[in-house]
Amino acid sequence: MSRRKPGRDRRGRGAPGWALGQALLIVLFLCLFPLHAAADGPDPSAGAGGEPRQLAGEVGPAQGGPEDKASDQYGNVTEEEAGGVGPRIADPLESWNRAMYHVNDKLYFWLLKPAAKGYKYVLPESVRGAIGNFYENIKAPIRIVNNFLQGKPRYAALELARFFINSTMGVGGLSECATTCFGIAGRDTGFGQTLGTYGVGFGFYIVWPVLGPSSPRDTVGWVADLALTPTTYVSSQWISPETVGLYVLDKVNYTSFHLGDYEALKAAAIDPYVAMRDAYVQNRKKALEQ
Amino acid sequence: MKKKIAGMALPLLLALSLSAFAGVPLDTVKTNVDGVLEVLRDPKLQGEAGKKVKAQKIEAASDKMFDFVELSKRTLGLSWNKFTQEQRKEFVRLFKSILTDAYMDRITAYTDEQVNFTKEVPLSEDTVEVRSVVIGKQGNVPIDYRVIKEDNQWKVYDVVIEGVSLIGNYRSQFREILGSNPPETLLDTLRKKAGAR
């Protein structure tokens with residue numbers, strides 16, 4: 001697209017401009033490779049004497065070219081070239097957060113990962129996919145309500161349609177029929193994002209044990225989303241063997257599709273804690289823009 | 001005389017074909033990604049025996065696809081200026097090796113999935129964002145490639161996965177180190193990281 005724009009400008013200036021540009025390009029090329037031309041010249045008529053000259057000619061540009069370019073490439077950057085500073089989040093609880101990061105790290109490697117691996121081994125992909133779809137479908141109220149609250153009634157309606165189609169034709173949400181049969185794409189969102197669209201900031205970074213990276217805003221959002229999740233009401237208490245069991249199954253099922261993701265992030269990072277914090281902020285910021 | 005004309009025509013042809021090629025950032029990225037996927041899916045390169053050839057081919061492909069100097073500059077931002085020429089060169093070399101190693105496994109994980117290139121969005125006069133979606137078994141993963149036009153070629157200087165910019169993510173990590181330490185400390189950390197593999 002950015003290419004098309006200058007293209008239009010060029011056309012606006014008319015054909016002479018284009019021809020001039022083309023001519024300049026040719027001149028530039030001729031100036032850049034005089035030694036190649038010189039080397040090419042004697043080549044066909046080359047006897048024994050031609051060879052050394054050709055060699056000299058080839059060494060010339062090969063040495064000069066990359067070096068010139070390199071020193072230019074490795075030169076200083078201006079503020080503009082350096083690019084802006086990304087989104088940041090305050091981290092007043094860093095020592096607590098780092099401790100919780102390590103707790104979650106161990107929870108992943110010692111509990112969640114082995115559980116997900118065994119689970120993946122036992123259950124075929126189709127079954128795990130169906131379970132994933134079921135959880136996705138049952139969380140539809142979160143998406144319907146929050147799309148609506150964010151002033152996106154069209155997406156709220158689409159999510160409602162998805163919920164009906166998947167719950168009926170998709171056999172209680174086990175199959176993602178709305179997308180696969182009808183191509184209806186929804187918009188994933190939650191109450192944390194709704195607060196964000198109303199102008200509520202993150203506050204600061206907080207890492208919860210088990211739940212992971214969050215902020216006061218997204219913690220409130222998480223609780224509100226839980227209130228809109230039907231599985232919360234399988235028992236009279238919010239925290240009960242049933243609700244915890246359903247949460248764990250969701251988590252294990254999800255992880256069975258994402259084994260290796262966290263390991264890769266950790267392996268690529270210089271400081272995994274900072275990498276996670278930054279990924280959280282960037283991801284949430286981006287979600288708000290969509 | 002004839003030879004002279006031919007000599008002039010060749011660079012002209014080259015220039016024309018190059019400019020036509022550079023005209024389509026999306027196609028450039030798509031071709032490069034397809035090239036990497038082809039290497040990864042090559043049945044002849046499966047298993048331990050093909051591993052080394054595979055790694056070499058991927059490295060060649062990533063050299064063609066990425067501008068690691070631009071990527072490094074944008075990751076360090078203005079801190080780049082605090083590095084000497086030699087330190088800059090070493091930084092680029094180390095950072096490239098860490099990224100290639102770390103993402104090799106990740107790319108491999110996507111071999112079975114379909115990648116759709118959706119559109120390109122201009123960011124500035126010489127940079128464009130090429131958007132793609134990896135169609136996964138459980139939901140799609142949006143991957144955006146930010147490319148810059150250099151020497152008539154579009155080269156990737158940032159990859160944005162699910163809204164998380166690669167260079168932004170490293171910038172925040174390097175900032176913590178460079179905030180209170182000289183460039184040498186960061187280089188030392190990277191040396192250890194690159195050497196540990």
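Modeller: Leaving out residues up to four places away in sequence, Val156(B) touches Val29(B), Met65(B), Phe66(B), Asp67(B), Tyr145(B), Arg146(B) and Val147(B), where a contact means C-beta atoms, placed from the backbone, within 7 Å. This is a predicted model, so local features need pLDDT of at least 70 and side-chain atom pairs count only at pLDDT 80 or more, while totals for chains, interfaces and linings use all residues. Residues are numbered from 1 along each chain as its sequence is written, with chains lettered from A and ligands numbered from 1 in the order in which they are written.

Val156(B) is also among the residues with the most contacts inside the largest nonpolar core, a 31-residue set, along with Val29(B), Phe95(B), Val130(B) and Val147(B). (A nonpolar core joins buried Ala, Val, Leu, Ile, Met, Phe, Trp, Tyr and Cys residues through C-beta atoms within 7 Å; buried is 20 or more other C-beta atoms within 10 Å, exposed 12 or fewer, partly exposed in between.) Elements giving two or more residues include H2, S3 and S4 of chain B, but H5(B) gives the most, with 6. Helices are DSSP runs of H or I, at least four residues, and strands runs of E, at least two, numbered from the N terminus.

Asn152(B) sits in the loop between S3 (139-150) and S4 (153-161), and its phi is positive, near 65°. With 15 C-beta neighbours inside 10 Å, Asn152(B) is partly exposed. Glu162(B), in the loop between S4 and S5 (164-165) of chain B, has a positive phi too, about 50°. Glu162(B) is likewise partly exposed, with 14 other C-beta atoms within 10 Å. Most residues other than glycine have a negative phi.

Note on methods: Two residues are in contact if their C-beta atoms, placed from the backbone, lie within 7 Å.
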